[in-house]
Amino acid sequence: MKNHSTSPKKMVEIWVGAFNRGDSDAISELYSENAINHQVAEAPVEGKAAIREMFTREFGNADMTCLVENIFEDGEWAILEWKDPLGLRGCGFFHVQNGKIVFQRGYWDKLSFLKMHNLPIPSN
C-alpha cells in the first residue's frame, strides 16, 4: 500500500482480507519496516520481516478466520473488535502512520485458542 491517505479503518479492512486469505506476504506489506506487533499473550514481534515470519508460522498452525464485529477509528488509530467461527473473541489496536501499520496490539484468550484448535498447551 503506497497510498498515504489510506485511513486506519481502511487499513484494518485490508488487513482482515489478507488475514482471512492466510496471506503472510500481503499482510506483512501493510506494516512499516520497524513495526511492532504485540499480541499480549505473546512476546512483541519487532520488524516487518519478523512479522511476516510470525504470520507464516501462525497460518501454518491453525485455520484462522477473523469475523469483524466492529472497526472504530480515532485519529491515527483503528480498533478492531472480532470473533472467529469457533466463538473466540478479541480486539486489536492498530496505529497507522503514512499508510503503514507502525504498531499493533491484540488481546485474546490464548488458552481458549489453543484448546479450540487442538494445539499443544505449554506446560510453563
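**Close-up views of the sheet, core and pocket**

View 1. H95 is placed opposite F103 in β6. The model is predicted: local features require pLDDT of at least 70 and side-chain atom pairs count only at pLDDT 80 or more, while totals for chains, interfaces and linings use all residues. Residues are numbered from 1 along each chain as its sequence is written, and side-chain values use heavy atoms, without hydrogens or water. β5 and β6 run antiparallel and are joined by eight bridges; strands are DSSP runs of E with at least two residues, helices are runs of H or I with at least four, and both are numbered from the N terminus. Two residues separate the strands of this hairpin, and N98 in the turn has a positive phi of about 50°.

View 2. The open sheet has six strands in the order β2-β1-β6-β5-β4-β3, with mixed pairing; two strands pair if DSSP finds at least two bridges between them. β2 (45–46) and β3 (67–74) are the edge strands, each pairing on one side only. β1 pairs with β2 in the antiparallel sense over two bridges and with β6 in the parallel sense over five bridges. N37 stands opposite V45 in β2 and opposite Q104 in β6.

**View 3. The largest nonpolar core.** This core comprises 28 residues, and those with the most contacts inside it are W15, F19, Y31, F55, L80 and I101. A nonpolar core is a set of buried Ala, Val, Leu, Ile, Met, Phe, Trp, Tyr and Cys residues joined through side-chain atoms within 4.5 Å, where buried means under 20% relative accessible area (1.4 Å probe, protein chains only). α1 gives the most to the core, with six residues. Not counting residues up to four places away in sequence, I101 touches residues including M11, W15, Y31 and F94; contact means heavy atoms within 4.5 Å.

**View 4. The largest pocket.** The volume of the largest pocket is about 610 Å³. A pocket is an open set of points on a 1 Å grid over the protein atoms alone, where a 1.4 Å probe fits, with protein on both sides within 12 Å along at least five of seven lines; lining residues have an atom within 4 Å of a point. Grid points are joined across faces, edges and corners, and the volume is the space filled by probe spheres set on them. Of the 31 lining residues, F19, Q39, E58, M64 and W108 lie nearest the centre. α3 supplies the largest share of the lining, five residues.

How values were computed
Buried means under 20% relative accessible area, exposed over 50%, partly exposed in between (1.4 Å probe, protein chains only).
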